[in-house]
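Me: I would like a close look at one part of this model, followed by an account of what surrounds it.

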Amino acid sequence: MGNPMSRTDFMKYTAASGAAMLLSSLELFASDLGTSKIKVALIGCGSVSNRYIPHLQSSPLIEIVALCDIKYERALEQKKQYNLQSSTYKNIDEMLKGVPFDMMVTTTDMQVHGELNKKALLAGKHVWSEKPMANTYAEGKALLDLAKSKNVKLWGAPAVVNSPQFAFMNKIIQEGKLGRIASAHGQYGHTGPTWSAFFYEKGGGSMPDLGVYNIATLTALLGPAKSIMAMTSIVNPTRVVDDKGTVKVEAEDNAHLLLDHGKGIISHVMCGFNYFDPHGHEAKGQELHSIQIYGDKANMRLIGYDWETYGVYLDDSWDHAAKLYEPETGGYQWQEGATKVAESIVNNTHPKINVEHALHVLEIIESARKSSAEGRKINLTSSFKWPLF
Ligand SMILES: NC(=O)c1ccc[n+]([C@@H]2O[C@H](COP(=O)([O-])OP(=O)(O)OC[C@H]3O[C@@H](n4cnc5c(N)ncnc54)[C@H](O)[C@@H]3O)[C@@H](O)[C@H]2O)c1
């Protein structure tokens, strides 16, 4: 982050300068003092970077100073496409030796998030990671311990708790308007990414790519889960993808999870890469109730997906139809996580997104695989401060 020039330094500097110098330093002063920018490096210039880069660029508090991809031409293409002044790098080691930066945004293949995040944290950088932040809960927990020891911040996607629809559902639950809560359901699927093999390789799968959103939403609304039972499967044994042609599917492309949140509350999540959805990967116009929560006084149904939200129906009367609340996004966008946490560093505020929550979600995903493989219930060890807000 650039240090703002102090007023005294500014006066000293300008007093010693001519009129031309004064003009240019005035510009410097305005840009530096008004907006102390955080310098961001983005690693992984593939599909999702097309959502991240413009969102990061939209913030006056952020400057993208570096782009990195092992497919180097992608870093160059994104620099050109988004008219950036950033330096470009072929790998993380080069980037860490290059232009100084404050925060790394990790949008690479899922399998390498853990090792890349570790390198950045060791170098004293803040990290925002796409999901999952690591391949295992133990690896994720070690990253958080490392971040704390280095006095830097670590966060993991998704940003679902930022939506006004989440805030509405959270408030309704916290106010007890649903009565005694019993059950909840979340679902998210489509027919699977077509561009990269890593989604189907070991360490990929529909849980860290898709189920992660519902797991994050339901645990944030209902509290940390105490145990899990799950069944996962591979429905489609091979896939044809742009980067590698025909590949063997090694990670689950179909998963059902049952979570025990305590006090009798059970939630269910289903996710997969074989779910026909005419709204596709972008989910535009989706009106499905992807999240449903039932109590004995009322129920709530989220329209759209929890990452792309269109409103919440609250059904709390025998006499009148369910009412739609929060039909607007309020500026929320699913790709906003990195921007919001970067801004929180500049402003010294606490974002809603919470790394212990992301770690809990990671433990759930890992434990779901274990539960399915061993055919038994798995007790969870992690937790997070709940309610989140
Ligand atoms: N595509 C989406 O719409 C979307 C949405 C939300 C989240 N995500 C998440 O974003 C991440 C990336 O997904 P994607 O769809 O953009 O994948 P992608 O395959 O399009 O892009 C990944 C990029 O990372 C690069 N990469 C891989 N290993 C690297 C390394 N060690 N160093 C530097 N670069 C490396 C690859 O060359 C590739 O360009 C995943 O975690 C995914 O779950 C994607």
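Is N83 buried or exposed, and how many other C-beta atoms lie within 10 Å?

Reply: This is a predicted model, in which local features need pLDDT of at least 70, side-chain atom pairs count only at pLDDT 80 or more, and totals for chains, interfaces and linings use all residues. Residues are numbered from 1 along each chain as its sequence is written.

N83 is exposed, because 7 other C-beta atoms lie within 10 Å. The cut-offs are 12 or fewer such atoms for exposed and 20 or more for buried, with partly exposed in between, and the C-beta atoms are placed from the backbone. N83 sits in the loop that links α4 (72-81) to β3 (87-89). Helices (H or I, at least four residues) and strands (E, at least two) are DSSP runs, numbered from the N terminus. The phi of N83 is positive, about 55°, although N83 is not a glycine.

Most residues other than glycine have a negative phi, and most peptide bonds are trans. N151 is another non-glycine residue with a positive phi, of about 60°. The loop that holds N151 runs between α7 (137-149) and β6. N151 is exposed, with 8 other C-beta atoms within 10 Å.

The bond from A157 to P158 is cis, with omega near 10°, and P158 lies in the loop between β6 (154-156) and α8 (164-174). The bond from W386 to P387 is cis, with omega near 0°, and P387 belongs to the segment after β17 (378-379).

Next, the ligand. Around the ligand there are 24 residues, of which G44, G46, S47, V48 and S196 come nearest; a residue is near a molecule if its C-beta atom, placed from the backbone, lies within 6 Å of it. Ten residues of this shell are nonpolar, seven are polar and seven are charged. Here Ala, Val, Leu, Ile, Met, Phe, Trp, Tyr, Cys and Pro count as nonpolar, Asp, Glu, Lys and Arg as charged, and the others, Gly among them, as polar. Domain 1 (37-156) and domain 2 (160-379) each supply at least three residues to the shell, the domain bounds coming from an automatic or database domain assignment.

Last, a helix pair. Helix α9 (residues 206-222) packs with helix α11 (residues 355-374) at an angle of about 125°, their axes 9 Å apart. That makes α9 oblique to α11. Angles under 35 degrees count as roughly parallel, over 145 as roughly antiparallel, 65 to 115 as roughly perpendicular and the rest as oblique. Axes are lines fitted to C-alpha atoms, for helices over the stretch in contact, and angles run from 0 to 180 degrees between N-to-C directions.
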